[in-house]
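Open the model in your viewer and keep a selection panel at hand. The stops below say what to select and what is there.

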Amino acid sequence: MLEAILLTVITAATPLVIASLGELVTERSGVLNLGVEGMMIMGAVIAFAATQATGSPYLGVVAGIVAGAVFSLLFGFLTLTLVANQVATGLALTILGLGLSGQIGESFVGQPGIKLQPIAIPLLSDIPFVGSLLFRQDLIFYLSIALVVGIHWFLFRSRTGLKMRAIGDNHASAHALGINVIRTRYLAVMFGGACAGLAGAQLSLVYTPQWVENMTGGRGWIALALVVFASWRPIRVLAGGYLFGAVTIGQLHAQALGIGIPSQFLSALPYAATIVVLIIISHNRRTTLINTPASLGKPFVPER
Amino acid sequence: MKKLIIALAASAALMGGFASSAQAQDKTKVCFIYVGSKTDGGWTQAHDIGRQELQTHFGDKIETPFLESVPEGPDAERAIERMARSGCALIYTTSFGFMDATIKVAEKFPDVKFEHATGFKAAENVSTYNARFYEGRYIQGQIAAKMSKKGLAGYIASFPIPEVVMGINAFVLGAQSINPEFKLKVVWANTWFDPGKEADAAKALVDQGVDILTQHTDTTAPMQVAAERGIFAFGQASDMIAAGPKTQLTAIVDTWGAYYIKRTQALLDGNWKSEQIWDGLKDGILTMAPYTNMPDDVKAMAEETEAKIKSGELHPFTGPVKKQDGTEWLAQGEKSEDGVLLGMNFYVAGVDDKLPQ
């Protein structure tokens, strides 16, 4: 029973963690992309389309990643090259993505999808309980864990990561030091898009192997909130994503057990829990300020 | 460059306007407002199939423009008004949440006829129409009681409105007519349409031991979960057999086409009247998907119940029925009035859940 619940939690948390990690990198470079939902749904529809066309969900995963990255380029071009307002452009990206994906996916509605199958890791998967929980998962779950570790290392242990954080904190100074602000931000935006695309692929290939319009159901927005929740730190994103997933699934079980708590209250619980943790985290204003990219959302025009 | 784009857009809009007004000269316009996309695989798709049947039936005589993904709320009023201004003779607003907007616009356009699905507010030029989905739910309950080994089914519900509560109660009464000990677990997903959440709810129910799933949400995600876990399930709004060829027992299929044709004919003949219509299985406004994946005797029982409901011999809400708190609701042989059903806010005995108020 516990194992079954935890497996459901993992499936629910994985797309949030992945999309959130991508946005974290984008924001660390000083760009606020509110288009996560749009990029995610594009990833979901393209991943599903590619899987149906080729019969291979792995090609679907690749297609989802590429779709998210390409779609985010549109955002990059508008906000970085044309210096359009990031908030407005991000919102537009979400609306465009939701509409466009519906158009692309029209013929896929009602088609049974192909599920990305789990890969059992030899030896490790034989450990009782933990094995079947963590080492008998699909590729996207393994990628999500690798991303947490990789991004943490990149941001806080690598030279390029340091440069990127410098851009996010003060793009004028970084520019004066000779760092290519625009190029780095383009890469960060595309990485965010690729992650959102991967999260979308998880939805249409693992979570519910099918395509329906608006199937992201607001998960892109939750991913955005998780970045703030995690105060821009990857390991906290992991914790936050799993907390949110656990409360979401937990409330469904509480309902099925019939313990008599109103379901509206239970449905609001994940969000309430997020707010509580947010208050606790932001209690110490200094640590919050240290982690918040100071140039977040500000336009950058190189002066010379 | 910007000016050029604006000029192009404006001229395109003008041309579009001319084109549609030129077409509209002698055809009657029957218009539709959808809450979702016309390919949502559920509720709205069922309405759009009805619209297509209507168009095919009357061919060149009518036009059937539609607006899809119209959010409930202030936007709906604008969308409906736009339709009314564009010369629609009859406008179908196909979601519960369009009710007040429909009434408001109808006051401004007394010559235009309106029909609002699943609502309860009518006017001189506003009809309401709905289907007795509970009749199908009763049949499903009977099948569930025969097919469940544990005598325990799971129900994924959307929102605690009378329509949904009525469905849950009909299902339980159907099941108890076969197995008086039958129990039902209910999970409220608090959404009509979110495959992820619906799948999570389905998994939670299966993990807690139900071996039959039924849903009052719109995607095939619960059907997929049931297929994966090797249990049976019922489809909702559309035939979902593609999502579970070995899983779906039957589905309640909304078939609005015949109704739309009947009412449009009345409009064309000039004898359209405001009515409050609540049709059932016998009128063909809902149908049962083929009874599959069950033994012949269960199938025969389901078909017999369906026939009895159609003939009026059987009303799913017939006493004796007790409420969840043990008080009597319907006495022996007493049939529920429609008004009580349409405002239903209580469970009957046997539902293992507390109704959110």
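Select A:Gly38, A:Met39, A:Met42, A:Gly43, A:Ile46, A:Ala47, A:Ala50, A:Thr51 and A:Thr54 in helix 2 of chain A; they meet A:Pro57, A:Leu59, A:Gly60, A:Ala63, A:Gly64, A:Ala67, A:Gly68, A:Phe71 and A:Ser72 in helix 3 of chain A. Contact means heavy atoms within 4.5 Å. By class, this contact has ten nonpolar, eight polar and no charged residues; Ala, Val, Leu, Ile, Met, Phe, Trp, Tyr, Cys and Pro count as nonpolar, Asp, Glu, Lys and Arg as charged, and the others, Gly among them, as polar.

This is a predicted model, in which local features need pLDDT of at least 70 and side-chain atom pairs count only at pLDDT 80 or more, while totals for chains, interfaces and linings use all residues. Residues are numbered from 1 along each chain as its sequence is written, chains are lettered from A and ligands numbered from 1 in the order in which they are written, and side-chain values use heavy atoms, with hydrogens and water left out.

Now show helix 2 (residues 36-54) and helix 3 (residues 57-81) of chain A whole: they pack at an angle of about 145°, with axes 7 Å apart. Axes are lines fitted to C-alpha atoms, for helices over the stretch in contact, and angles run from 0 to 180 degrees between N-to-C directions. Helices (H or I, at least four residues) and strands (E, at least two) are DSSP runs, numbered from the N terminus.

Staying in chain A, go to A:Ser231, in the loop between helix 10 (219-229) and helix 11 (234-257). A:Ser231 is not a glycine, yet has a positive phi of about 40°. Is A:Ser231 buried or exposed? A:Ser231 is buried, with a relative accessible area of 2% (buried means under 20% relative accessible area, exposed over 50%, partly exposed in between; 1.4 Å probe, protein chains only).

Move to chain B and select strand 7 (residues 152-157). Six of its six residues are buried, so the strand is largely enclosed by the rest of the structure. B:Leu152, B:Gly154 and B:Ile156 lie on one side, and B:Ala153, B:Tyr155 and B:Ala157 on the other.

B:Tyr155 has B:Val186 as its bridge partner. Strand 9 (residues 212-215) of chain B also runs parallel to strand 7, with three bridges; here B:Gly154 partners B:Leu213.

Last, select B:Gly319 and B:Pro320, joined by a cis peptide bond with omega of about 5°.

How values were computed: Pairing = 2+ DSSP bridges.
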